[in-house]
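This report goes through a protein model from its overall make-up to single residues. Please keep the sequence and the structure at hand while reading.

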Amino acid sequence: MARPLGALLGEGLRWAGAFARGRAPRSPHSLARRAGVLLEAMRPHYFVFPAGAVLAGAASAGAARSAAGVWLMAAAAGVGWGVGQLLNDLHDREADALVEPGRAAPRGDLPEGPTVAIAAALGIAVAAVAVSVHPRAWCAAVVAAALLIGYDLAKRVPLLGNAVHGALVASAAALGALAAQPALGLGEVLHRARPTLLVAGGLAALYLQANYEKDRASDAAVGARTLAHLAGVRGSAAVRALALAGLLLAARGDPWLRTPAALVVAAAGASLVVASIVGSLLRERAAIGAYRAAVHGHALLMLAGAADLLGAPGLAATALASAAAIERAFRRGGA
């Protein structure tokens with residue numbers, strides 16, 4: 001049974017109170033090991049999705065490469081994603097113990113109290129950074145926090161989890177657009193960035209469907225009903241194929257397909273996503289292996305939106321670094 005969020009927050013508050021009084025239980029592990037476990041559980045190889053969305057939003061708003069606020073916002077978005085991963089691991093610890101016992105939470109390396117307290121502190125820091133970059137960024141940050149908290153309930157309904165996840169990444173793109181134009185109001189910035197928000201959110205929703213195909217067993221264990229359960233892996237893959245075509249059409253003229261470098265990276269990403277779709281269509285059990293190609297493909301597609309901001313050399317370097325981090329995670333079994 002999934003751990004209720006309220007109970008997790010209560011554990012975090014109790015631990016924080018005990019820590020403030022000097023009565024928190026001592027960990028048998030070194031500080032370096034605990035930090036390493038936390039970083040692993042935050043899944044930094046996936047930071048490319050929210051950070052890439054921030055950069056794409058900033059690129060659509062005409063950000064300069066020297067805009068420090070944009071890079072701060074991208075880093076904050078990545079950390080915010082990590083906070084969500086920590087809470088999700090604790091929430092799904094019992095289900096993960098059945099199908100992915102090697103994760104940090106099932107093996108007992110993520111104690112609830114300190115993990116939730118650290119996640120809360122990081123979340124507050126992310127919000128503070130966002131507001132320091134643009135005074136109205138708190139609106140997008142609040143929306144993102146609400147979506148993050150509500151996601152576990154949303155994934156119990158087919159397609160609703162995709163919509164919430166897409167909206168979450170679209171809010172990261174909105175933060176990027178705000179960071180690029182700190183002198184403009186919220187409404188004007190969001191109006192200009194609408195096409196980019198649509199594509200960023202669509203890519204995130206599409207990526208998640210590949211994840212749902214892989215996670216049918218663990219999702220079923222917590223009562224989640226995704227499209228992969230409703231239509232089967234092959235039906236889900238067919239929907240992904242149609243959605244990918246629609247997104248590529250929607251991205252025409254936006255930063256995703258505006259420069260030669262963006263076209264090259266987007267084409268490579270789309271090819272990998274197509275490979276993952278074909279794998280799932282040919283054999284349902286191939287969904288787990290196909291997921292690896294889907295992660296790489298969607299990471300490249302998201303980064304293609306930042307081509308105007310990164311430039312061709314920067315885009316190539318970022319894409320290679322992202323691919324290396326994703327491959328390392330898969331080789332270690334932590335993806």
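## Burial and basis of the model

Of the 335 residues of the protein, 51% count as buried, where buried means under 20% relative accessible area, exposed means over 50% and partly exposed lies in between, with a 1.4 Å probe and protein chains only. The model is predicted, so that local features need pLDDT of at least 70 and side-chain atom pairs count only at pLDDT 80 or more, whereas totals for chains, interfaces and linings use all residues. Residues are numbered from 1 along each chain as its sequence is written, and side-chain values use heavy atoms, with hydrogens and water left out.

## Overall form

The protein has 16 helices and zero strands; helices (H or I, at least four residues) and strands (E, at least two) are DSSP runs, numbered from the N terminus. The C-alpha trace spans about 55 × 50 × 30 Å along its principal axes. A compact globule of 335 residues would have a radius of gyration near 20 Å, and the 19 Å of the protein agrees with this; the radius is taken over C-alpha atoms, and the globule rule is 2.2 Å times the number of residues to the power 0.38.

Among contacts between residues at least 6 apart in sequence, 76% join residues at least 24 apart, a contact being heavy atoms within 4.5 Å.

## Surface and charge

The protein exposes about 14600 Å², of which carbon and sulfur atoms supply 68%; accessible areas come from the Shrake-Rupley method with a 1.4 Å probe, and for residues only the protein chains shown count as cover. The mean positions of the 30 positive and 18 negative charges are 3 Å apart. In this count Lys and Arg are positive and Asp and Glu negative, while His and the chain ends are not counted, and the place of a charge is taken as NZ of Lys, CZ of Arg, CG of Asp or CD of Glu.

## Nonpolar cores

A nonpolar core is a set of buried Ala, Val, Leu, Ile, Met, Phe, Trp, Tyr and Cys residues joined through side-chain atoms within 4.5 Å. The largest such core has 88 residues, and those with the most contacts inside it are Y46, F49, V70, M73, L110, W256 and M302. Helix α8 (residues 160-180) gives the most to this core, with ten residues. A second, separate core of nine residues includes Y151, A154, V164 and Y212.

Leaving aside its neighbours within four places in sequence, Y46 is in contact with W81, Y207, Y291, V295 and A335.

## H296 and I326

H296 has its place in helix α15 (residues 287-304) and, with 14% relative accessibility, counts as buried. Apart from neighbours within four places in sequence, H296 is in contact with L272, A323, I326 and E327.

I326 is found in helix α16 (residues 307-332) and counts as buried because its relative accessibility is 0%. With neighbours within four places in sequence again left aside, I326 is in contact with H45, V295, H296 and A299. I326 and V199 are 127 residues apart in sequence, and their C-alpha atoms are 22 Å apart in space.

## Two residues with positive phi

Most residues other than glycine have a negative phi, and most peptide bonds are trans. R43, although it is not a glycine, has a positive phi of about 55°; R43 is found in the loop between α2 (31-42) and α3 (48-60), and at 4% relative accessibility R43 counts as buried. L159, also not a glycine, has a positive phi of about 75° and lies in the loop between α7 (137-154) and α8, where L159 counts as partly exposed at 48% relative accessibility.

## Distances between selected residues

A32, in helix α2, is exposed with a relative accessible area of 63%. A32 and E188 are 156 residues apart in sequence and 45 Å apart in space, C-alpha to C-alpha. R252, found in the loop between α13 (232-250) and α14 (260-282), is exposed with a relative accessible area of 62%. From R252 to P195, 57 residues apart in sequence, the C-alpha to C-alpha distance is 9.8 Å.

A238 has its place in helix α13 and counts as partly exposed at 35% relative accessibility. The C-alpha atoms of A238 and D308 are separated by 32 Å, the two residues being 70 residues apart along the chain.
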